Amino acid sequence: MTGVRVAGVGLTHFGRHPERTGRDLFGEAALAAREESGVPPEDIESINYGNFMGSLAERQGHQAPLMAEMAGLQCPATRYEEACASAGVAVREAVRTVRSGEADVMLAGGCERMTNLSTADVTEGLATAADELYEIRAGMTFPGAYALMERAYFEAFGGSREDLAHVAVKNHDNALPNEYAQFHRAITVDEVLGAPMVSDPVGLLDACPVTDGASALVLVSDEYAEEHDLDAPVSITGSGQGGDNLALHDREHLAVTPATERAAAEAYDDAGCSADDVDVVEVHDCFTIAEVLAVEGLGFYENGDGVGAARRGETTATGELPVNLSGGLKAKGHPVGATGGSQIAEMTRLLRGDHPNSDYVEDATLGVTHNAGGTVASAVVHVLEVDR
Amino acid sequence: MTDAGYDEWLDAVGDGEGYYLECPNGHGSLPPRRVCPHCGSTELDHADLPATGTIETFTICYVGGPDFTDEEPYATAIADFGGVRLTGVVRGLDPEDVTVGMPVEAAVGTNRTTDEDLLILRAR
């Protein structure tokens, strides 16, 4: 089985671009990834494209061939949808395709246009990741779902909103130098605690923003990279995916995410590593509690111990395990269908040494990305390693 | 819109004859469903929904979707009814007074925005 290398990454700025079409956003990211890779367009064999709510936001279904066109590629293209994990699965399937020998070069990523919608319409669109009959009809929103998990976590394991505020403060700090991030604004614990409630106990500054953006990666086989003398020091050495019952009330525990545990176990086994080997992580922090659930599910903390990690300084940029050096979904932004690809692009930059926060992890050799859908009914984990 | 399986279930809850699906291993789930989501058993029978459940977690939602604009702020809770959990809008008290551990009963009310039937958890 061949190894898979990241030959090029492309990102748009993540932020409010309500006037920009999804096709333009993805075109920008795809061309940037193509240019960085140096791979000629005719060598790209197919596109895996992640998108969640384009049918609502732009009334545009059948997006994949459109995105191939925008990327200047005449190759087959397939859309992957797994809510907020859409690009994560798009990348994972590209990795599997290259490993199988079916293709030597793939383009994978995703896009979401969101800020052209009203808050109510975005809320409704995002809520469709939940169970329509039993959750959406009961008034469950995306922040509301994580609020249910957050209160269940506090009941089961303890912790406080103040602990979680440190996650938000940390991720805003990390986003400050990131040119692609939506927020370049440091915040304080008091600001987080004093922000208006969205869905108690989730406050406005516990939540990721609504974001437009796109991500793209050119993935190649080891053999292709060698034959074409590509500068591609980062490999995707592990991939895993886990699932769970869609509705929160059908899970055994409301504050534990076995889909993440399953995805991590598969990815670590695939890469031949363990949680102890991980130097740096990008996790799916759509809400502050989500980062806690992720670092526990990924095996860095026991259930109940992750909530204080940021407050104790263990997951800050200078901590022993920096989490979300990009700023995370919380501060870099969360264009839903693009996020899984963005996390791998950011991790690639961090490990290559060309990310503005690379200095914090200059000796890092192994990074992990974690992308989750809905209330973690889907989870995708990747292991990335750099040649040193 | 008609949703066979769900509509009958909601009507039954409204008539005070609520049920859930139970497999031989005692796992509960909600219709429509052909397979137990916990063990894969295809032997699903109706079991009576207990009269009282307990709120396990809740949120007070200040920003709902378009279908809940006339409800805000409202509490959505997950209540444990023993064999099965239900997610519903809590009615019968101020959202700010909802607590974990509070007993509730399942009932059917009306969505104040859409006038559709709505599963509610009524404080007892």
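The pLDDT is the predictor's confidence in each residue, on a scale from 0 to 100. This score applies here because the structure is a predicted model. Within chain A, the lowest confidence falls in helix α5 (residues 119-127), with a mean of 92, while strand β7 (residues 213-221) of chain A has the highest, at 99. Chain A as a whole averages a pLDDT of 98, and 100% of its residues score at least 70.

Chain A touches chain B through a contact made of 28 residues from chain A and 29 residues from chain B. On the side of chain B that touches chain A, at least two residues each come from β4 (53-61), β5 (74-80), β6 (85-91) and β8 (117-123) of chain B. The most is given by β4(B), which contributes 6 residues. Sorted by class, this side of chain B holds 17 nonpolar, 8 polar and 4 charged residues.

The strand β4(B) also pairs with a strand of the other chain: strand β5 (residues 197-200) of chain A runs antiparallel to β4(B), over 2 bridges. In this pairing, S199(A) has C61(B) of β4(B) as its bridge partner.

T260(A) belongs to helix α10 (residues 258-271) of chain A. T260(A) counts as buried because 29 C-beta neighbours lie inside 10 Å, where 20 or more are required. Apart from neighbours within four places in sequence, the contacts of T260(A) are G242(A), A294(A), G297(A), L298(A), H370(A), A372(A), V376(A) and A379(A). From T260(A) to G240(A), the C-alpha to C-alpha distance is 9.1 Å, and the two are 20 residues apart in sequence.

Key:
Residues numbered from 1 in each chain as written. Chains lettered and ligands numbered in written order. Predicted model: local features only at pLDDT ≥ 70, side-chain atom pairs only at ≥ 80, totals over all residues. Contact = placed C-beta atoms within 7 Å. Helix = DSSP H or I, 4+ residues; strand = E, 2+ residues; numbered from the N terminus. Nonpolar A, V, L, I, M, F, W, Y, C, P; charged D, E, K, R; others polar. Pairing = 2+ DSSP bridges. Buried ≥ 20, exposed ≤ 12 C-beta atoms within 10 Å, placed from the backbone.
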